[in-house]
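Here are my notes for your first read-through. Keep the viewer open and find each residue as you go.

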Amino acid sequence: MESPIKSNENKETKGTVEIGYVQWASAQASTNIVKVVLEDMGYEVKTPMLQTGVMYQSTANGKIDAFVCSWLPDTDRNYWKKYGDDLVELNDNYTSAQIGLVVPEYVEIDSIEELKDHKDEFEGRIVGIDPGAAQMVVTEKEVMPHYGLEDWNLEGSSGPAMTTELSRSINNGEWIVVTGWKPHWKWASWDLKFLEDPDQVMGTGECIKSMGRPNIREDLPEVAAFLENYRINTEQLSSVMLKIQNGMDPEKAAKEFVENNRELVEKWIPEGK
């Protein structure tokens with residue numbers, strides 16, 4: 001995986017690196033930033049989009065090299081329990097992540113425990129994302145039974161489909177509850193709020209971590225060192241997510257970010273490289 005190869009420009013590169021990601025806006029933006037920087041460092045980079053479980057499994061068994069979208073300690077905890085012993089935890093690349101049930105600001109309740117008293121207003125449904133996502137499992141298996149929502153329907157869809165339905169409902173002034181998270185561009189587009197989770201069934205806040213395959217530090221020391229240095233904040237990540245949401249190609253948006261934030265990017269690149 002480290003052997004030199006020739007790029008399309010007939011220029012020798014340091015080898016190919018595979019960085020997996022899931023279909024979340026933050027994961028797409030963050031992964032493309034990492035891709036652009038690694039390419040600048042001389043690597044050819046592949047970025048397969050995977051289901052969460054496949055991403056963990058593929059990294060644990062060495063089929064891909066790393067991913068920068070591990071949500072812990074709560075969202076991905078079941079995958080961490082299953083594959084954590086075989087993964088190399090590289091760093092916390094984003095430290096103020098949060099998941100929960102999200103409603104428009106105009107919705108007149110503030111807590112998950114109030115949902116059961118307003119089934120008609122919400123049409124008895126929670127609009128979710130892809131059914132295999134860890135947040136969907138937590139919502140269905142833990143949140144809904146805990147707060148008396150067993151007779152509600154958790155609708156599986158995708159991240160883009162969820163935001164489309166959220167947009168439609170807001171335009172019509174309708175009540176809607178979705179499985180949501182930060183960071184995400186939707187917070188900059190609409191006035192939203194997390195419903196309070198008084199029993200903290202969905203956790204108290206999370207980090208987004210970078211994970212590597214077994215022996216990544218020995219086989220790809222420069223890549224591992226870069227990923228250990230890679231950290232990004234809400235403002236920086238949101239700027240890329242918004243450009244992608246507004247129609248810009250994800251890699252182009254990441255390239256613009258890297259070009260406009262050279263001082264930050266230089267801090268991520270290992271010394272002497």
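1. One term comes before anything else. Buried means under 20% relative accessible area, exposed means over 50%, and partly exposed is in between. Bear in mind that this is a predicted model.

2. Start with strand β11. Where do its residues sit, buried or exposed? Seven of the seven residues, 206-212, are buried, so the strand is largely enclosed by the rest of the structure. Now look at the two sides. In a regular strand the side chains alternate between the two faces of the sheet. On one side of β11 are Glu206, Ile208, Ser210 and Gly212. On the other are Cys207, Lys209 and Met211. Both faces are covered, and these residues are all buried.

3. Next, the partners of β11. Strand β5 (residues 66-72) runs antiparallel to β11, and five bridges join the two. To find the pairing on screen, look for Ala66, which stands opposite Gly212. Strand β6 (residues 88-104) is also antiparallel to β11, with six bridges between them. There, Glu89 stands opposite Met211.

4. Stay in β11 and pick out Lys209. Its relative accessible area is 12%; the cut-off for buried is under 20%, so Lys209 counts as buried. What does its side chain join? A polar contact of 2.8 Å links the side chains of Lys209 and Glu89. Leaving aside neighbours within four places in sequence, Lys209 also touches Phe67, Val68, Cys69, Ser70 and Leu72. Asn91, Asp92 and Asn93 are in contact with Lys209 as well.

5. Now the helices. Two packed helices are described by the angle between their axes and the distance between the axes. For α1 (residues 25-40) and α9 (residues 234-245), the axes come within 9 Å and cross at roughly 105°. The two helices are therefore roughly perpendicular to each other. From α1, the contact uses Ala25, Ser26, Gln28, Ala29, Ser30 and Ile33. From α9, it uses Leu237, Val240, Met241 and Ile244. How do these residues divide by type? Seven are nonpolar, three are polar and none is charged.

6. Gln236 also lies in α9. Its relative accessible area is 19%; buried means under 20%, so Gln236 counts as buried.

7. Move to helix α4 (residues 134-146), which holds Val143. Val143 is buried, at 0% relative accessibility. Which residues does Val143 touch, if those up to four places away in sequence are not counted? Leu101, Ile112, Val201 and Met202 are among them. For a sense of scale, take Val143 and Tyr230. They are 87 residues apart in sequence and 33 Å apart in space, C-alpha to C-alpha.

8. Leu149 and Lys116 are 33 residues apart along the chain, yet their C-alpha atoms are separated by 6.1 Å. Leu149 has a relative accessible area of 0% and is buried. Beyond its neighbours within four places in sequence, Leu149 is in contact with Ile112, Leu115, Lys116, Ile126 and Met144.

9. Last, check the backbone. Most residues other than glycine have a negative phi, and most peptide bonds are trans.

   - Leu72 and Pro73 are joined by a cis peptide bond, with omega about 20°. Pro73 is in the loop between β5 and α3 (77-83).
   - Lys182 and Pro183 are also joined by a cis peptide bond, with omega about 5°. Pro183 sits in the loop between β9 (178-182) and α6 (186-189).
   - Gln200 has a positive phi, near 55°. Its place is in the loop between β10 (192-194) and β11.
   - Asn215 has a positive phi too, near 65°. It is found in the loop between β11 and α7 (216-219). At 46% relative accessibility, Asn215 counts as partly exposed.

Key. Residues are numbered from 1 along each chain as its sequence is written. This is a predicted model: local features need pLDDT of at least 70, side-chain atom pairs count only at pLDDT 80 or more; totals for chains, interfaces and linings use all residues. Side-chain values use heavy atoms; hydrogens and water are left out. Buried means under 20% relative accessible area, exposed over 50%, partly exposed in between (1.4 Å probe, protein chains only). Helices (H or I, at least four residues) and strands (E, at least two) are DSSP runs, numbered from the N terminus. Two strands pair if DSSP finds at least two bridges between them. Axes are lines fitted to C-alpha atoms, for helices over the stretch in contact, and angles run from 0 to 180 degrees between N-to-C directions. Angles under 35 degrees count as roughly parallel, over 145 as roughly antiparallel, 65 to 115 as roughly perpendicular and the rest as oblique. Contact means heavy atoms within 4.5 Å. Ala, Val, Leu, Ile, Met, Phe, Trp, Tyr, Cys and Pro count as nonpolar, Asp, Glu, Lys and Arg as charged, and the others, Gly among them, as polar. A polar contact is a pair of N or O atoms within 3.5 Å; within protein, one must be able to donate a hydrogen and the other to accept it, and residues adjacent in sequence count only if both atoms are side-chain atoms.
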